[in-house]
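Trainee: Could you take me through the aromatic rings and the nonpolar packing here, one close look at a time?

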Amino acid sequence: GAVMDLERSPLALPFPEIPPIAGVTLRIARAQYKQWDRCDLTYVELAEGTSVAGVFTRNVCCSTEVELGREQVKAGRARALVVNAGNSNAFTGYRGREAVEQIMEQVADHLGCTPQEVFVSSTGVIGVPLPMDKARSGVSAVLEAETCSWEQAAATIGTTDTFEKGAVAQAVIGEKRITVGGIIKGSGMIAPDMATMLGYVFTDAAVEPAFLQQCLSAANGETFSCITVDSDTSTSDTVLAFATGKAGNAPLSSFGDPGAEAFAAAIHDVCSQLAHLVVRDGEGAQKFIEVRVSGAVSDESARKVGLAIANSPLVKTAIAGGDANWGRIVMAVGKAGEPADRDKLSIGFGGVWAARDGLPLADYDEAPVAEHLQGREVNMEVDLGLGDGRATVWTCDLTHGYISINADYRS
């Protein structure tokens, strides 16, 4: 159901079996925010008492949905989520805000909750106010719709996605087995300070909002904030986590609670899977690239160096062409604005060092590296030789396909 009949990404993974999660009900409908033959409105009803946490874009031209969402998560409670696809409602001023408030009120009336417990996200073209009449009739339709599958919900939030993206993990808290499931959309305008466009994580675990936020923020730092497709931070980036409490475990409020570590690991696992799926659907992507940086002065410094490499068009085009041009990586490290020393730098591909301590290896054999770069999954290793800081970031290559998609997006 992609907007542009794009070919499925060669890096796509099959949609996982996500079981029903108690307290989460999924529905979809057609609001027809664009002229297209598909569902474009997703509605998730959440049980009373559901905790919520969120991480949002730092793009200062963010949408009303993001501004409101940031405020709403502070109260820590949610009863519903509404996602509009086809119109991002960003850069639309008061008219855009009115439409969002109308949706919140309409759903709140239906559920008998406050509008602040209704979370709204929108994705699609920037600068066109969400049409209020379509929003109203779409919400009316979706409230009455049949329930749907996780895969249908994932398809409905997509825009330029070429495949549905979902993830699942389980953990044991006390005697209770809990499930964490998530769906995400995003394939371009993807860069840190949230690199997905829109992601939603749901669990039946009982978790206090503050601890849910702690787990989500920690996971975000090592997953969504470590992926990049094109260095452009979207105006709408949002990841929300909802915990319904229906599993019946003793509510988690800190890492001191039994099962808290296992729960945090499950959240991290789902966020990691979702983040990688976004990169695998990077516009025009033919290769999934992992950049491992070590030897930095700090973990944060390592992340910045990794992102400088992962965002370099020269590095990404070299990988697209299967060229082990490590000079381009030296350039990217040098421009990162982080401590680095040319004479301590080591660079490798697929487990083979090409340069060590600032010099090409005397016996460097490019054949195994060239073979590694022909594959769909490319690993790059950079050791700065300065300290213990390390980070891993993920990106994709930059191909003609990226330009074709983005030169033709609005037509």
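**Aromatic rings and the cores**

Mentor: Let's start with Phe-202, which is buried at a relative accessible area of 0%; buried means under 20%, exposed over 50% and partly exposed in between, with a 1.4 Å probe and protein chains only. Before going on, a word on the basis: this is a predicted model, where local features need pLDDT of at least 70, side-chain atom pairs count only at pLDDT 80 or more, and totals for chains, interfaces and linings use all residues. Residues are numbered from 1 along each chain as its sequence is written, and side-chain values use heavy atoms, with hydrogens and water left out.

Rings of Phe, Tyr and Trp (its six-membered ring) pair if their centres lie within 6.5 Å; planes under 30 degrees apart count as stacked, over 60 as edge-to-face and the rest as tilted. By this rule there are 4 aromatic pairs. In one of them, the rings of Trp-150 and Phe-202 have centres 5.5 Å apart and planes at 50°, so the pair is tilted. Trp-150 belongs to helix α4 (residues 150–156) and Phe-202 to strand β7 (residues 198–203), so the pair ties together parts 52 residues apart in sequence. Helices (H or I, at least four residues) and strands (E, at least two) are DSSP runs, numbered from the N terminus. Trp-150 is buried too, with a relative accessible area of 7%. Both rings belong to one aromatic cluster, formed by Phe-119, Trp-150, Phe-202 and Phe-242.

Now compare Phe-211 and Phe-255, an edge-to-face pair with 5.0 Å centre to centre and 80° between the planes. Phe-211 is in helix α5 (residues 209–222), while Phe-255 is in the loop between β8 (238–243) and α6, 44 residues away. Phe-211 is buried at 0% relative accessibility, whereas Phe-255 is partly exposed at 36%.

On to the nonpolar cores: a core is a set of buried Ala, Val, Leu, Ile, Met, Phe, Trp, Tyr and Cys residues joined through side-chain atoms within 4.5 Å. The largest has 73 residues, and those with the most contacts inside it are Phe-263, Ile-309, Ile-329, Phe-349 and Met-380. Helix α6 (residues 260–280) gives the largest share of this core, 12 residues. Another core, of 28 residues, lies apart from it and includes Phe-242 as well as Val-52, Ala-78 and Leu-81.
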